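Hi,

Here is the structure I promised to pass on to you. Please have a look at it first, and then read my notes below.

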Amino acid sequence: MSEAPAIEVRRVSKSFGHVAALRDASLRAPKATVTCLLGDNGAGKSTLIKLLSGVFPPDEGAVLVGGREVSFRSPRHALDSGVSTVFQDLATIPLMSIVRNFFLGREPTRGAGLRLVDWGRAETITRDALAEMGISLRDASQPVGTLSGGERQSLAIARALHFGASVLILDEPTSALGVREAANALRHVQRVRDQGLAVILITHNVAHAHAVGDNFVVLDRGAVVAEREREEVTSQELQELMAGGGAMEELLKPVP
Amino acid sequence: MTLLLRRPEVTPVAGAIAVWAFFAVIAGDTGFLTAQGTANYMEVAAQLGIITIAITLLMIAGEFDLSVGSMLGAAGVLMAYPVVELGWPLWAGIAFAFLGAAIVGAINGLLVIRTALPSFIVTLAALFILRGVTIAFTHDVTGGATQVGGVEQATAGSFWHSALAGELFGLPAAVYWWLALTLVATVLLAKTRFGNWIFGAGGDPDAAAKLGVPVARVKVILFVLTAMAATLVAAIGVLVNGAADVQQGQLKEFQAITAAVIGGTLLTGGYGTVVGAAFGALIFGMVSQGIFFTGADADWFQAFLGAMLLSAVLVNRYFRRHAQER
């Protein structure tokens, strides 16, 4: 693998007060690959995503995009560098229309003088982008609050793709979804990877991770404790790695 | 029909028609329907409406400003004092007041952002501080008076006097400012990027920030615009009355929030319209003036207004829930 990974973090640390959320953690996410970030609650997954998406900078260590070191000043800066994050809350605003949500922060304008927003074009793009995700809209001006959780997620993914992301970070994309919607979300993950993007999938659902993941990185208490490739690990082993040696194993042991 | 009912302006427009019809029947023969009666309530509506526009934008962005009434009083003195006592031209006095308002608005906004305190608290403090400073300063420089008078003599015949306190087709200048600003703010919300950011900042500030919206900047700008709207109304009031009174603008903050909410703006942010707010202010104007024409005791005004506020909120909520279910 001579080509630089689409995104990489090198030995980052981040503390909040006396709590070390990340300690010397490293992660590489190559193009056209799904890299799964696994870990229990409090393992440091959220902190790592926030570093990658420009919410705050690391205390130590570096973030590299396409092999070049960057220091994101804001979420906007990360977006402009092609790093798009679909947060667990999906960053959609229920009372705003689908179109207004899709383009929030990146509204297309037309003309030179007043530079008014071109909502007509915005609506067409939104419809097309959502149609590709298998959602046909009756009315793009309806509030996002009327969409289901799965549909909102598709909206968030479609939005990231439309704005030319080269890295897509998905934070617990399946946790709030039903079985069918979760399967659908995982299909989107594969489709995005097949388009050549580097996907970072954060989850604590090992079955979901193993279904689509190419590489697996396990975090525990702020540190990377295991890295595996798909061929060399089973779902069961991942589960054990994640549980940090035994907690689940103990439970799963057959009662004598 | 559903589409129509989903428009947030429907309730305030229907409410305005109902209130107008009510007074037309009750007080139609005692002057409510005359040109003068109409001009009266339009003037009240316009002065409140100008502030309500800014308050509505701010409320959509998820913040309050309780200091607009005090700002109005402060701006009146800021403008009148240099004009009357120091012999400044009127335009310079107005510009000075707007500068002061911009500073107050920026301080309000930055305090809210930096301290992360609710704007309700920060601007409640500003309400008292501004009013206190205005009264103390005016007492000091006038030797105990509560007014800066003599504005009429100092400004009569100037361009800005007629632009702010003149009349056109029987309606006071304030009405034209109100309508023009309603149009500008409506275009701002519907057709500009900044307008979309206002909805985002109020709907979910964290989500908006993650998508790259400069939420803090949007809010600070709106605090500044709100203080400036109060200053425009102060300038109009001072020129119409010929004096700046330290008590000017009292209760305007609550009246503006009332008008915004009657107009369909959500108290919790993220939702509202400027056209609705205009009709909210119109309802306020018609009720406050209409009471006089009915011959009933004007003391009933506030009770009437409170009942209107409550019913407007309930009706708005009913329709919004209905629209969400589709």
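This is a predicted model: local features need pLDDT of at least 70, side-chain atom pairs count only at pLDDT 80 or more; totals for chains, interfaces and linings use all residues.

I'll start with a helix in chain B. In α13(B), the buried residues are Lys252(B), Glu253(B), Gln255(B), Ala256(B), Ile257(B), Thr258(B), Ala259(B), Ala260(B), Val261(B) and Ile262(B). Buried here requires 20 or more other C-beta atoms within 10 Å of a residue's own, with the C-beta atoms placed from the backbone; 12 or fewer counts as exposed, and anything in between as partly exposed. The helix covers residues 252-262 and is mostly covered, with ten of its eleven residues buried. Just after α13(B) comes Gly264(B), with a positive phi of about 100°.

Residues are numbered from 1 along each chain as its sequence is written, with chains lettered from A and ligands numbered from 1 in the order in which they are written.

Now the two chains. Chain A contains nine helices and twelve strands. Its radius of gyration is 19 Å, close to the 18 Å that the globule rule gives for 256 residues, so chain A is as compact as a globular protein of that length. The radius is taken over C-alpha atoms, and the rule is 2.2 Å times the number of residues to the power 0.38. Of the 256 residues in chain A, 44% are buried. Chain B has 15 helices and four strands, and 54% of its 326 residues are buried. Its radius of gyration is 20 Å, in agreement with the value near 20 Å for a compact globule with 326 residues.

Where do the chains meet? In the interface, 21 residues of chain A are in contact with 19 residues of chain B, contact being C-beta atoms, placed from the backbone, that lie within 7 Å. On the chain A side, α2 (75-80) and β8 (116-117) each supply at least two residues, and α2(A) gives the most, with three. By class, that side has eleven nonpolar, five polar and five charged residues. Nonpolar covers Ala, Val, Leu, Ile, Met, Phe, Trp, Tyr, Cys and Pro, charged covers Asp, Glu, Lys and Arg, and the others, Gly among them, are polar.

Helix α10 of chain B (residues 193-203) has nine of its eleven residues buried, so it is largely enclosed by the rest of the structure. Those buried residues pack against α3 (98-102) and β8 of chain A, together with α3 (35-60), α9 (173-191), α11 (205-210) and α12 of chain B.

Finally, the core. The largest nonpolar core has 183 residues, and Met79(B) and Ala230(B) have the most contacts inside it. Helix α12 (residues 215-241) of chain B provides the largest share of this core, 19 residues. Such a core is a set of buried Ala, Val, Leu, Ile, Met, Phe, Trp, Tyr and Cys residues joined through C-beta atoms within 7 Å. Leaving out residues up to four places away in sequence, Ala230(B) touches Ile51(B), Val68(B), Met71(B), Leu72(B), Ala75(B), Ala101(B) and Gly249(B).

Best wishes

How values were computed:
Two residues are in contact if their C-beta atoms, placed from the backbone, lie within 7 Å.
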